[in-house]
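We will go stop by stop.

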Amino acid sequence: MWSRRAQEYDQKINSGKLYELAEVVRDLNKKTDIIVDQSYSERQLFEKAYERLKSEIQVVIGEKAQQKMDKALKREQINEEVHAKPEA
C-alpha cells in the first residue's frame, strides 16, 4: 500500500542515516527526469530525498555531486538525450 510505503520513505528521509536516504533515492529513481510515470507524492518524496542526499554528498565531494549522483542513478544519459533533441 502506497500510503504505508510513503510513511516509511519519509521516516528514512528524516532519519539522519545516509544509507536510508540513499535507499529512498534508489527505490524511487525512475532513471529519467521525465516524471510522468510517478504520482505527485512519489515525485515529492523523490525530490526531497534526492536534494537532501545531494547536499550531503556536496559536503564531501563538492560541486559535482549532482553529476556523480545522476551518473550513478543512470539519469545522465537520459538528460543528455532530452537536452540534445532538436526542436521541431
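Which residues in H2 meet which residues in H3? Before selecting them, two notes on the source. This is a predicted model, where local features need pLDDT of at least 70, side-chain atom pairs count only at pLDDT 80 or more, and totals for chains, interfaces and linings use all residues. Residues are numbered from 1 along each chain as its sequence is written, and side-chain values use heavy atoms, with hydrogens and water left out.

**Stop 1: H2 and H3**

Select residues 18–28 for helix H2 and residues 40–61 for helix H3. Helices here are DSSP runs of H or I with at least four residues, numbered from the N terminus. On the H2 side, pick Leu18, Leu21, Ala22, Val24, Val25 and Leu28. They meet Glu42, Leu45, Phe46, Ala49, Tyr50, Arg52, Leu53 and Glu56 in H3. Contact means heavy atoms within 4.5 Å.

Colour this contact by residue type. The H2 and H3 residues divide into 11 nonpolar, no polar and 3 charged. Ala, Val, Leu, Ile, Met, Phe, Trp, Tyr, Cys and Pro count as nonpolar; Asp, Glu, Lys and Arg count as charged; the others, Gly among them, count as polar.

Now look at the geometry. H2 and H3 pack at an angle of about 135 degrees, and their axes are 9 Å apart. That makes H2 oblique to H3. Angles under 35 degrees count as roughly parallel, over 145 as roughly antiparallel, 65 to 115 as roughly perpendicular, and the rest as oblique. Axes are lines fitted to C-alpha atoms, for helices over the stretch in contact, and angles run from 0 to 180 degrees between N-to-C directions.

**Stop 2: Glu42**

Zoom in on Glu42, in helix H3. Is Glu42 buried or exposed? Glu42 counts as buried, at 15% relative accessibility. Buried means under 20% relative accessible area, exposed over 50%, and partly exposed in between (1.4 Å probe, protein chains only).

**Stop 3: H3 and H4**

H3 and H4 pack at an angle of about 120 degrees, with axes 9 Å apart. H3 is therefore oblique to H4. Select Tyr50, Leu53, Lys54, Ile57, Gln58 and Ile61 of H3, then Ala65, Gln66, Lys68, Met69 and Asp70 of H4: these make the contact. They divide into 6 nonpolar, 2 polar and 3 charged.

**Stop 4: Ala72**

Ala72 counts as exposed, at 61% relative accessibility. Draw a C-alpha to C-alpha distance from Ala72 to Arg26: they are 9.8 Å apart in space and 46 residues apart in sequence.

Technical notes: Helix = DSSP H or I, 4+ residues; strand = E, 2+ residues; numbered from the N terminus.
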